[in-house]
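Biologist: Please show me the model. I would like to go through its helices and its sheet with you.

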Amino acid sequence: MPIKAKKTLTSKGVRMMMDAALARAAEFGITVTVAIVDDGGHLLMLERMEGGRFHTVHSATTKAATAASNRRPTSAKGAQGQELDVVHALGLTLAAGPQNWTAMEGGYPVMVEDECVGGIGVAGGDWKQDQEIARAALNAVGAS
């Protein structure tokens, strides 16, 4: 068949993810920005917590789009999962466009039954906190 059924994030699911992420950030006592995108990298929801730094808006959005595009968590690895040194990571960012790719941790694809339905990016904590906050959001909707 030339057409297949496709899973998508619902507005309710996006809100559940955002609420879980913000609650986890509050547990850490930090202010973050959380961006959630669909599987094409288009913004579905963005929230910068009160007191959050303005540059985190771009960082979180880029992390979410990168994770959705690569179908894996953001890191200093290339599209095929290969290790990148700083020069190559910066080169890939410039080639893809700084709004489309980042090597910063804190972005995760939203995977449901091996299908990517979106991405989430968190910025504002250290990289481990950003990852924990993103994972809390994934857990809220049963995604991996």
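**Burial, sheet and helix packing**

Modeller: Ser 59 is buried, with a relative accessible area of 11%; buried means under 20%, exposed over 50% and partly exposed in between, with a 1.4 Å probe and protein chains only. This is a predicted model, in which local features need pLDDT of at least 70, side-chain atom pairs count only at pLDDT 80 or more, and totals for chains, interfaces and linings use all residues. Residues are numbered from 1 along each chain as its sequence is written, and side-chain values use heavy atoms, with hydrogens and water left out.

Biologist: Leaving aside neighbours within four places in sequence, which residues is Ser 59 in contact with?

Modeller: Ser 59 belongs to helix α2, residues 55-70. Helices (H or I, at least four residues) and strands (E, at least two) are DSSP runs, numbered from the N terminus. With contact taken as heavy atoms within 4.5 Å, and neighbours within four places in sequence left aside, the residues are Met 104 and Ala 123.

Biologist: Is Thr 62 buried or exposed, and with what relative accessible area?

Modeller: Thr 62 also has its place in helix α2. Not counting residues up to four places away in sequence, Thr 62 touches Pro 98, Gln 99, Asn 100, Trp 101 and Thr 102. Thr 62 is buried, and its relative accessible area is 2%.

Biologist: In what order do the four strands form the open sheet?

Modeller: Two strands pair if DSSP finds at least two bridges between them. The pairing here is antiparallel, and the edge strands, each pairing on one side only, are β2 (43-48) and β3 (107-112). The order is β2-β1-β4-β3.

Biologist: Which residue in β4 is the bridge partner of Ile 36?

Modeller: Strand β1 (residues 33-38) and strand β4 (residues 115-123) run antiparallel and are joined by six bridges. In β4, the partner of Ile 36 is Ile 120.

Biologist: At what angle do α1 and α4 pack, and how far apart are their axes?

Modeller: Helix α1 (residues 11-28) lies across β1, β2, β3 and β4, while helix α4 (residues 127-140) lies across β3 and β4. Axes are lines fitted to C-alpha atoms, for helices over the stretch in contact, and angles run from 0 to 180 degrees between N-to-C directions. The angle between α1 and α4 is about 145°, and the distance between their axes is 7 Å.
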